[in-house]
Amino acid sequence: MTFQMKLAGLPMEVSAIYDSTRQFCQEYLTKEEPVFSVVIQQKDIEDEKEQFAAANQMQKQFLQSCPDSYLETLALYRKIASELLNDSTLLFHGSAVAVDGQGYLFTAASGTGKSTHVRFWREKFQERAVMINDDKPLLHFSDSGILVYGTPWNGKHKLSNNLAVPLKGLCILERSQENKIQAISGRDAWPKLLQQSYRPKEPEKLQKVMALVDKLASEMKLYRLSCNMDPLAAEIAYQGMQE
């Protein structure tokens, strides 16, 4: 089946195998003329299976009950992310929330507590806070700054909105017994920023990723947040990212 969707400001045409993929992208469908197309074939799904099988045992167990229709959504985002690099747009692993129309992005290894920390932000700021994406937002780089976009790939809690806001700050989160935030340099943050970015295998695409990570490291305010699971961490992080 074929449908049009719009991500990070770009309309595209998608040819998918499963009807459920269109439903998955429902909030991002468009009638605008596509600027590029993505075609999913069974081989793309098989490639996703191989990547799972090559990972740890937990992922192998997950694969046993993982339907091809779900793997198609992963293959689709992989292909879209590769195409969007041509428009200076980067797929980034993190949790993004907007407060008063400005975006704050938190990244860390899986299981560190990104989603929990961002939930504290939503609880503290209430109607001032809007969830952008809880897992895989898109970052678009332009001469006027960096925009963070919502996507359908929004993590196990399914938290996202189809919107874009200017990115004010990016914070690398780590667990600690006390709450503390400090500004860090792009040089210090660069390895983690690259690690949390989608990295295609093709050398020319990887070069584009590294160039965008360079821009992220040089143009964005970067922080390291040491925090526990106390809701007070949200206040400390917010105040620290205003300076």
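Here is a walk through the structure above, from its aromatic rings to its helices, a pocket and a few single residues.

The model is predicted, so local features need pLDDT of at least 70 and side-chain atom pairs count only at pLDDT 80 or more, while totals for chains, interfaces and linings use all residues. Residues are numbered from 1 along each chain as its sequence is written, and side-chain values use heavy atoms, with hydrogens and water left out.

Let's begin with the rings. A pair of aromatic rings is described by the distance of the centres and the angle of the planes. Here, rings of Phe, Tyr and Trp (its six-membered ring) pair if their centres lie within 6.5 Å; planes under 30 degrees apart count as stacked, over 60 as edge-to-face and the rest as tilted. On that basis, eight aromatic pairs turn up in a search of the whole structure. One of them joins phenylalanine 106 and tryptophan 121, an edge-to-face pair with 5.2 Å centre to centre and 70 degrees between the planes. Phenylalanine 106 sits in strand β6 (residues 102-107) and tryptophan 121 in helix α5 (residues 114-125), so this pair ties together parts that are 15 residues apart in sequence. Helices (H or I, at least four residues) and strands (E, at least two) are DSSP runs, numbered from the N terminus.

Next come the helices, starting with α7 (residues 203-219). Its 17 residues reach 24 Å from the first C-alpha to the last, close to the 24 Å expected at 1.5 Å a residue; the expected span is 1.5 Å times one less than the number of residues. Which residues of α7 are buried? They are Lys205, Val209, Leu212, Val213, Leu216 and Ala217. These residues cover an arc of only 140 degrees around the axis, which puts them on the same side of α7. The arc is that of the directions from the helix axis to the C-beta atoms. Turned away from the buried side, the other face of α7 carries the exposed residues Pro203, Gln207 and Ser218.

Helix α2 can be read in the same way. Its twelve residues should span 16 Å at 1.5 Å a residue, and the 17 Å between its end C-alpha atoms agrees with this. Asp44, Ile45, Glu48 and Phe52 are the buried residues of α2. Seen down the axis, they fall within an arc of 100 degrees, so they line one face of the helix. Lys43 and Glu50 are exposed on the other side of α2.

Helix α2 also brings us to a pocket. The lining of the second largest pocket takes at least two residues from each of β3 (36-39), α2 (42-53) and α4 (68-84). This pocket has 19 lining residues, of which Gln51, Arg78, Lys79, Tyr198 and Glu202 lie nearest its centre. Its volume is about 490 Å³. On a 1 Å grid over the protein atoms alone, a pocket is an open set of points where a 1.4 Å probe fits, with protein on both sides within 12 Å along at least five of seven lines; lining residues have an atom within 4 Å of a point. Grid points are joined across faces, edges and corners, and the volume is the space filled by probe spheres set on the points.

Helix α4 holds serine 82, which is buried at a relative accessible area of 13%. The C-alpha atoms of serine 82 and tyrosine 198 are separated by 8.5 Å, although the two are 116 residues apart along the chain.

Finally, have a look at two backbone angles. Serine 88, in the loop between α4 and β4 (89-91), has a positive phi of about 55 degrees although it is not a glycine. Aspartate 100, in the loop between β5 (95-99) and β6, also has a positive phi of about 55 degrees without being a glycine. Serine 88 is partly exposed, with a relative accessible area of 29%, and aspartate 100 is partly exposed at 46%.

Technical notes
Buried means under 20% relative accessible area, exposed over 50%, partly exposed in between (1.4 Å probe, protein chains only).
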